[in-house]
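Open your viewer and have the selection tool ready. Each stop on this tour tells you what to select next and what is there.

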Amino acid sequence: MADYFPHRIVTSPPLPTRGPLHDSAHERISGGEALDPTAGEEAWADEEAAAARELLRTGLDLRERAVHGAATSTVVLMCGLPGAGKTTYALELVRRGYVRLSIDEVVWQRLGQRDAGLVLDEEAYDRLKEEVRREQRQELVELILAGRDVVVDYSFWSRAARDDYKALIEGHGGRWELVHLKADRTTLERRLAVRNGEEGANSVTVDGPLFNRYLANFEAPNGEGEQVVVQP
């Protein structure tokens with residue numbers, strides 16, 4: 001789960017590698033020859049036929065994109081306090097084919113699979129999170145352009161951040177959904193007490209002072225097109 005982007009995303013059908021076989025296949029197709037394996041001396045060699053099919057397949061892909069356009073990406077923005085169940089919700093979307101962007105996952109790996117809440121002070125932790133956020137912002141744009149569905153597993157605690165990402169998504173042709181997971185303080189503290197005793201990228205320790213900071217700064221969405229999921 002450490003590396004969600006092992007290669008650069010290609011946003012259009014890859015063009016075949018040009019060579020003598022492709023040139024010959026293109027010339028024969030342009031001349032009106034049928035791709036007929038029973039044409040005697042005029043039959044296509046296997047390699048030449050494969051090159052012709054590759055050219056035809058790429059042409060059909062490009063035509064499909066020109067006529068219908070690329071698929072529209074749906075980006076789900078998770079919103080909620082620690083312990084509200086954002087990651088559980090996000091992982092369910094992953095099982096449905098979404099790509100998940102998670103700062104916690106990347107920070108966990110960069111710290112050698114150590115708990116950021118235990119090994120970094122508040123300032124250093126915030127700097128590292130912001131560095132990863134900038135990287136994932138570009139990755140999100142690439143995924144939108146590729147027509148992929150994405151779940152951004154952040155807290156989106158401020159309206160300014162939510163508005164910023166909505167504009168980013170719409171500006172690159174995607175559509176957004178804002179999902180606000182709500183739970184009362186007792187429920188959140190109970191869940192965090194359990195989570196703080198676990199290990200893993202999705203179990204970053206949130207102690208009392210840090211939780212109080214999150215609680216004080218959280219701006220609950222209201223009238224922002226949000227979907228509200230109340231947690232038991």
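Select Thr74. Is Thr74 buried or exposed? Thr74 is buried, because its relative accessible area is 9%. Buried means under 20% relative accessible area, exposed means over 50%, and partly exposed lies in between (1.4 Å probe, protein chains only). This is a predicted model: local features need pLDDT of at least 70, side-chain atom pairs count only at pLDDT 80 or more, and totals for chains, interfaces and linings use all residues. Residues are numbered from 1 along each chain as its sequence is written, and side-chain values use heavy atoms, with hydrogens and water left out.

**Around Thr74**

Thr74 belongs to strand β1, residues 74-79. Helices (H or I, at least four residues) and strands (E, at least two) are DSSP runs, numbered from the N terminus.

Now show what Thr74 touches. Contact means heavy atoms within 4.5 Å. Leaving out residues up to four places away in sequence, Thr74 touches Tyr98, Arg148, Asp149, Val150, Arg175 and Glu177. Which side chain makes a polar contact with the side chain of Thr74? It is the side chain of Arg175, at 3.0 Å. A polar contact is a pair of N or O atoms within 3.5 Å; within protein, one must be able to donate a hydrogen and the other to accept it, and residues adjacent in sequence count only if both atoms are side-chain atoms.

Thr74 and Ile144 are 70 residues apart in sequence, yet 7.9 Å apart in space, C-alpha to C-alpha.

**The sheet**

Select the strands. Five of them form an open sheet in the order β2-β3-β1-β4-β5, with parallel pairing. The edge strands are β2 (99-101) and β5 (226-230), and each pairs on one side only. From one strand to the next, the twist averages 20 degrees. Two strands pair if DSSP finds at least two bridges between them.

- β2 pairs with strand β3 (residues 150-152) in the parallel sense, over three bridges. Leu101 stands opposite Val152 in β3.
- β1 and strand β4 (residues 175-182) run parallel and are joined by six bridges. Val76 has Glu177 in β4 as its bridge partner.
- β4 pairs with β5 in the parallel sense, over five bridges. Leu178 stands opposite Glu226 in β5.

As you look along a strand, remember a rule. In a regular strand the side chains alternate between the two faces of the sheet.

Next, select helix α6, residues 122-145. Helix α6 lies across β1, β2 and β3, and runs at about 160 degrees to β2. Axes are lines fitted to C-alpha atoms, for helices over the stretch in contact, and angles run from 0 to 180 degrees between N-to-C directions.

α6 and α7 pack at an angle of about 35 degrees, with their axes 10 Å apart. Which residues meet here? Arg133, Arg137, Leu140, Val141 and Ile144 in α6 meet Asp164, Tyr165, Leu168 and Ile169 in α7.

Arg162 is buried, with a relative accessible area of 0%. Not counting residues up to four places away in sequence, its contacts include Leu77, Cys79, Leu178 and Glu224.

**Helices α8 and α9**

Select helix α8 (residues 185-195) and helix α9 (residues 208-217) together. They pack at an angle of about 145 degrees, with axes 12 Å apart. Arg185, Leu188, Glu189 and Leu192 of α8 make the contact with Phe211, Asn212 and Leu215 of α9.

In α9, pick Arg213. Arg213 counts as partly exposed, because its relative accessibility is 27%. Beyond its neighbours within four places in sequence, Arg213 is in contact with Glu122 and Asp126. The side chains of Arg213 and Asp126 are joined by a polar contact of 3.0 Å.

**Last stop: helix α4**

Select helix α4, residues 103-110. Its buried residues are Ile103, Glu105, Val106, Val107 and Trp108. At the start of α4, a side-chain oxygen of Ser102 reaches to within 3.4 Å of the backbone nitrogen of Asp104. Just after α4, select Gly112, which takes a positive phi of about 70 degrees.
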